[in-house]
Amino acid sequence: MKNLIFTLVFACTLAAGLNAQDVNAQLSEAKSSYNSGDLQSTRFALQQAINEIDKAIGAEIMKILPTSMGDLSFIESSDNITATSSGFAGVFVSRSYGAEDETNASLQVISDSPMLAGVNALLAMPMFVSDPSQKKIKVGSYRALLQKTEDENGVSWDVQIPVRSTLITLHTTGIDTEKAVTEMAGTIPVDQIAKFAQ
C-alpha cells in the first residue's frame, strides 16, 4: 500500500512536469513520518504534496487560457491559481478580461466544483419549462448551460461547461448579444483543459 501511494504521487509529479523539489521534500517527509508510525504527519505531508501537484496543474491550465476574448484583453494581475485538498474543490484557476468601458468577462476552471451536479442535472433535462433565460448550447463537442440575467445593471451571461469533474464558467457583463458570448465561449480550449482536468 505504501509503495502504491508513493508510486502514484511520483507518477502525478512527472506527468504534471512541475517543480519536483517541493513535492519530493513533502514525499520524503511523508515517508519518514510513516516509517516512524506518525500517520497524522504522513497524511499532512501527502496532502501538501498533492497541493503542489494541483498548483502545477493549475499553472498548466493558465498557460492555455486565451489572452483575449472578443475585444477584451486579459488582466494579468487578476490571474489566480489556488489549490486545496479540502475535499470540496481541488484546483481553482481564474482569469479576468476587461475593456475601458464597463464590459468585462471572467473565466474560471474549478475541479471538483460543488456546482457540477446542479449543472449536469439541468443539462440532463429534456427542456427548460420554467426558465426561458436558460438554454443548452455546445461549446466544441461539450454540452454547456447558457444563462442570461437582466437587471438594473444591464445584461450578464454565464456559460457553464462541465468537463468530467471540472466546471468551466465564463461570466460576462456589458455584452448584449448571445452570439458574441457564444463566440467568446468558442475560444475556450476545452479539449486541452480536459487533458489536465480529472
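In which sense do strand β6 and strand β7 pair, and over how many bridges? Strand β6, residues 134-139, and strand β7, residues 142-151, pair in the antiparallel sense, over six bridges. Pairing here requires that DSSP finds at least two bridges between two strands. Helices (H or I, at least four residues) and strands (E, at least two) are DSSP runs, numbered from the N terminus.

Before going on, the basis. This is a predicted model, where local features need pLDDT of at least 70 and side-chain atom pairs count only at pLDDT 80 or more, while totals for chains, interfaces and linings use all residues. Residues are numbered from 1 along each chain as its sequence is written, and side-chain values use heavy atoms, leaving out hydrogens and water.

Back to the hairpin. Two residues lie between β6 and β7, and Gly140 takes a positive phi near 65°. Ile137 stands opposite Ala144 in β7.

Gln160 is in strand β8, residues 154-163. Leaving aside neighbours within four places in sequence, Gln160 is in contact with Met115, Val119, Ala144, Leu145, Leu167, Ile168 and Thr169. Its relative accessible area is 14%, so Gln160 is buried. Buried means under 20% relative accessible area, exposed over 50%, and partly exposed in between, with a 1.4 Å probe and protein chains only.

Next, the cores. A nonpolar core is a set of buried Ala, Val, Leu, Ile, Met, Phe, Trp, Tyr and Cys residues joined through side-chain atoms within 4.5 Å. The largest has 40 residues, and Val159, Ile161, Ile168, Leu170 and Ile188 have the most contacts inside it. Helix α3, residues 39-64, supplies the largest share of this core, seven residues. Another core, of five residues, lies apart from it and includes Leu116 and Leu123.

Finally, charges. There are six salt bridges, each a side-chain nitrogen of Lys or Arg within 4 Å of a carboxyl oxygen of Asp or Glu. Glu52 forms one with Lys55, with the closest N and O atoms 3.6 Å apart. These two are three residues apart in α3, so about one helical turn separates them.

Lys135 and Glu178 form another, at 2.7 Å between the closest N and O atoms. This pair links distant parts of the chain, with Lys135 in β6 and Glu178 in helix α5, residues 178-185, 43 residues apart. Lys135 is partly exposed at 39% relative accessibility, and Glu178 is partly exposed at 28%.

How values were computed. Contact = heavy atoms within 4.5 Å.
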